Amino acid sequence: MELLTRGCKALNIDLSAETALKFERYYEAVIDYNRSVNLTAITDRTEFIIKHFLDSLTAAQYIPENASLADIGSGAGFPAIPLKLVRQDVSVTMMDALGKRVSFLQGQIDALGLKNASALHIRAEDAAKGPLRESFDVVTARAVARLNTLAEYALPLVKPGGIFIAYKGGDCDEEQYAARALELLKGRIAQSVKLNLPFSGDGRTLVIIEKTAPTPLKYPRGGGKERKNPL
């Protein structure tokens with residue numbers, strides 16, 4: 001995990017030997033579970049460290065102290081588990097629609113001894129219509145959906161005054177197309193952070209959206225409308 005430690009230092013994260021060992025165990029668990037349930041196409045150790053671990057950790061410095069964080073579409077646990085490992089002050093709720101992935105996430109919460117962490121078998125659009133609506137300081141999404149779609153999933157879960165962090169590629173130009181969605185959902189782009197991953201130099205963008213007021217109750221629309229007919 002020397003590569004991870006050096007990469008964390010480049011991101012201004014001081015990684016302890018104990019936490020580095022937990023990252024190693026987490027990597028091995030993903031690779032093992034991946035043999036039966038598709039979690040990731042990236043299995044090479046070096047590529048995994050850069051494209052999953054370090055990529056996930058790029059947002060660590062933008063999360064407020066002692067924040068409550070929801071990660072939607074968590075999959076194998078990116079970015080939520082890496083963030084939790086280096087930011088133990090943050091409470092984390094992971095959401096995924098596939099039960100087998102949620103079982104994996106819960107297993108990792110137990111195996112890594114993560115406190116104030118949970119994994120829910122639920123879609124974000126369903127979670128936003130229940131008691132979890134507008135209950136999180138931070139929501140993250142590291143997904144392939146466009147920003148206007150992601151915003152409709154995420155912003156209803158964010159408290160007014162909280163933030164939504166969308167992980168995007170380095171060539172992200174989606175902000176202009178999401179303007180109407182953000183206006184309707186009561187969000188505004190606070191920062192668009194351009195960066196390069198350590199070692200590979202691959203470009204990334206963190207779009208940080210501030211929740212300015214309560215989201216109207218009709219959002220998210222549900223029934224797949226977020227993807228089929230984006231705002």
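Leaving aside neighbours within four places in sequence, threonine 140 is in contact with Leu69, Ala70, Asp71, Ile72, Pro79, Phe164, Ile165 and Tyr167, where contact means heavy atoms within 4.5 Å. This residue lies in strand β4, and it counts as buried because its relative accessibility is 0%; buried means under 20% relative accessible area, exposed over 50%, and partly exposed in between, with a 1.4 Å probe and protein chains only.

The model is a predicted one, in which local features need pLDDT of at least 70 and side-chain atom pairs count only at pLDDT 80 or more, while totals for chains, interfaces and linings use all residues. Residues are numbered from 1 along each chain as its sequence is written, and side-chain values use heavy atoms, with hydrogens and water left out.

**The chain as a whole**

The secondary structure of the chain comes to 9 helices and 7 strands; helices (H or I, at least four residues) and strands (E, at least two) are DSSP runs, numbered from the N terminus. The chain has a radius of gyration of 17 Å, close to the 17 Å that the globule rule gives for 231 residues, so it is as compact as a globular protein of that length. That radius is taken over C-alpha atoms, and the globule rule is 2.2 Å times the number of residues to the power 0.38. The C-alpha trace spans about 45 × 35 × 30 Å along its principal axes, and 53% of the 231 residues count as buried. Among contacts between residues at least 6 apart in sequence, 68% join residues at least 24 apart.

**The sheet**

Strands of a sheet pair through backbone hydrogen bonds, either parallel or antiparallel. In this model, an open sheet of 7 strands has the order β3-β2-β1-β4-β5-β7-β6, with mixed pairing; two strands pair if DSSP finds at least two bridges between them. The edge strands, each of which pairs on one side only, are β3 (117-121) and β6 (187-196). On average, and with direction ignored, neighbouring strands of this sheet are turned by 20 degrees against each other. Helix α7 (residues 147-154) packs on the sheet, where it touches β1 (68-72), β4 (136-141), β5 (158-169) and β7 (203-211), and its direction makes about 145 degrees with that of β5. For such angles, axes are lines fitted to C-alpha atoms, for helices over the stretch in contact, and the angles run from 0 to 180 degrees between N-to-C directions.

Strands β2 and β3 run parallel and are joined by 5 bridges, and aspartate 96 stands opposite histidine 121 in β3. Threonine 93 is found in strand β2 (residues 91-96) and counts as buried, at 13% relative accessibility. Not counting residues up to four places away in sequence, threonine 93 touches Leu69, Ala70, Asp71, Ser118, Leu120 and Phe136.

Isoleucine 122 is found in the loop between β3 and α6 (124-127), and counts as partly exposed at 26% relative accessibility. With residues up to four places away in sequence not counted, isoleucine 122 touches Met95, Asp96, Ala97 and Ala127.

**The cores and the aromatic rings**

In soluble globular proteins, nonpolar side chains tend to be buried together. A nonpolar core is a set of buried Ala, Val, Leu, Ile, Met, Phe, Trp, Tyr and Cys residues joined through side-chain atoms within 4.5 Å. The largest one here has 52 residues, and those with the most contacts inside it are Leu4, Tyr26, Phe48, Phe53, Ile63, Ile81 and Ile165. Helix α2 (residues 17-33) gives the most to this core, with 7 residues. Apart from it lies another core, of 29 residues, among them Tyr153, Leu155, Val158 and Ala166.

Rings of Phe, Tyr and Trp (its six-membered ring) pair if their centres lie within 6.5 Å; planes under 30 degrees apart count as stacked, over 60 as edge-to-face and the rest as tilted.

| Pair | Centre to centre | Angle of planes | Class |
|---|---|---|---|
| Tyrosine 26 and phenylalanine 53 | 5.7 Å | 25 degrees | stacked |
| Tyrosine 26 and phenylalanine 78 | 5.7 Å | 50 degrees | tilted |

Tyrosine 26 lies in helix α2 and phenylalanine 78 in the loop between β1 and α4 (80-86), so this pair ties together parts that are 52 residues apart in sequence. Both of these residues, tyrosine 26 and phenylalanine 78, are buried. Phenylalanine 53 is buried as well, with a relative accessible area of 0%. Ring pairs link Phe23, Tyr26, Tyr27, Phe48, Phe53 and Phe78 into a cluster.
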